[in-house]
Amino acid sequence: MPAFHVIDGAVARDVITSAPSEILEIVRDTYLQHSRGDTVNPDSYFLRFPENPGARIIALPAHLGGEAPVSGLKWIASYPENVRHNLPRASAVLLLNDAETGYPFACLEASRISAARTAASAALAVETLAPDDAPRTVLFVGAGVIGRTVSDFLAARGLNVRECLVHDHVDSYAEKFATYAAEAHGWRARAVSEIDAALATADLVVLATTAPAPWLSDGQPLLPDQLILNLSLRDIHPTVMIKCHNVLDDIDHCLTAQTSPHLTETEYGTRDFIDGTLADVLRGKVILDRDRPTVFSPFGLGVLDLAVGCHIYRTALESGRATEVPNFIPELTRW
């Protein structure tokens, strides 16, 4: 029985930032493992509040099979009003459970893990769905932690950025993000207030907003070979989704909770607008033409949190940065 350890957010951040490509490879392997059916990833459970409908806390249980099986649960809170107080919107913890006994053996600060697995998924989608070395104009819509972490992973993977555009409903947030992208990644970056003009020039669009309902509609300009990372899931109207190539991380998960893919299925009564999953493209089972925009919609699978969390746990343990909690479970014998 392993001892119980706590891993704080500073340690998790250090492990992630020291080797982002390793996180991306873990995400790639986990997508493929999930597509083989060697995982258990049930529906997420949403705790909502009638007096505060924008806030929610979500439970993501998951199990990874294979040679080193492990189970666990991410418990992540999303409170959009936090940003008014200069607090990050999301906070989270991840519990790891021994696959043989079920006993918990670690608790990790998981807001970094959640952002990193989302960003790694986004970078993997760029490399898989738009594998082009030509310079690109990248548009970030939403200047928060997720967008910033995506920029870190794209820079770490050497994306050739011609220009970085940042749009946010709060101009000062967009300006801070643009300054960060210029200083941290050496990108030519600027804040933009006119979203349509930016959409008309961007090769890659990263949607990382808190929008509760679609705003990207038919009248707005998109490019035929544009890749749109629909990370916040609810920005794109069904009339746009139906005209694009659509790649998801998990079809059944994405077609829930009023996401853009879910709204599109409801509106048109079909799943025919879905080309396949990212794992399908990675395996060569799905090949996309560049005749229209491609939208990648990742629901955010608990198995990704679990895989990245296990990597951080093992690294922290090996480097002596995991904090043991003696007697966390006081009785390990029945009699």
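# Briefing on strands, contacts and salt bridges

R162 has a relative accessible area of 40% and is therefore partly exposed; the class covers values between buried, under 20%, and exposed, over 50%, found with a 1.4 Å probe and protein chains only. This is a predicted model, in which local features need pLDDT of at least 70 and side-chain atom pairs count only at pLDDT 80 or more, while totals for chains, interfaces and linings use all residues. Residues are numbered from 1 along each chain as its sequence is written, and side-chain values use heavy atoms, with hydrogens and water left out.

**Salt bridges**

- The structure contains 16 salt bridges, each being a side-chain nitrogen of Lys or Arg within 4 Å of a carboxyl oxygen of Asp or Glu.
- One of them joins the side chains of R162 and D203, at 3.4 Å from N to O. R162 belongs to strand β9 (residues 161-167) and D203 to the loop between α6 (195-199) and β11, so this pair ties together parts that are 41 residues apart in sequence. Helices (H or I, at least four residues) and strands (E, at least two) are DSSP runs, numbered from the N terminus.
- D203 is partly exposed because its relative accessible area is 25%.
- E163 and R190 also form a salt bridge, with their closest N and O atoms 2.7 Å apart. This pair links distant parts of the chain, with E163 in strand β9 and R190 in strand β10 (residues 189-191), 27 residues apart.
- E163 counts as buried because its relative accessibility is 11%, whereas R190 counts as partly exposed at 43%.
- A further salt bridge brings together the side chains of K243 and D218, at 2.9 Å from N to O. K243 lies in the loop between α7 and β13 (245-248) and D218 in the loop between β11 and β12, so the pair ties together parts that are 25 residues apart in sequence.
- K243 has 48% relative accessibility and so counts as partly exposed; D218, at 42%, also counts as partly exposed.

**Strand β11 and its partners**

- Strand β8 (residues 136-141) pairs with β11 in the parallel sense over 4 bridges; two strands pair if DSSP finds at least two bridges between them. Within this pairing, F140 stands opposite V206 in β11.
- Strand β12 (residues 227-230) runs parallel to β11 and is joined to it by 4 bridges. Here L207 stands opposite N230 in β12.

**Q226, in the loop between β11 and β12**

- Q226 is found in the loop between β11 and β12. Q226 is buried because its relative accessible area is 1%.
- Which residues are in contact with Q226, leaving aside its neighbours within four places in sequence? They are L199, A202, D203, V205, P293 and T294, where contact means heavy atoms within 4.5 Å.
- A polar atom of the Q226 side chain lies 2.9 Å from the backbone oxygen of L199. A polar atom of that side chain also lies 3.1 Å from the backbone nitrogen of L223.
- Q226 and R290 are 64 residues apart in sequence, and their C-alpha atoms are 8.2 Å apart in space.

**T239, in helix α7**

- T239 is placed in helix α7 (residues 238-241). Its relative accessibility is 21%, so T239 counts as partly exposed.
- Not counting residues up to four places away in sequence, T239 touches D218 and Y268. D218 is also the salt-bridge partner of K243.
- The side chains of T239 and H237 are joined by a polar contact of 2.9 Å. A polar contact is a pair of N or O atoms within 3.5 Å; within protein, one must be able to donate a hydrogen and the other to accept it, and residues adjacent in sequence count only if both atoms are side-chain atoms.
- T239 and F153 are 86 residues apart in sequence and 31 Å apart in space, C-alpha to C-alpha.

**Y103, in the loop between β6 and β7**

- Y103 lies in the loop between β6 (90-98) and β7 (104-109). Y103 counts as partly exposed because its relative accessibility is 32%.
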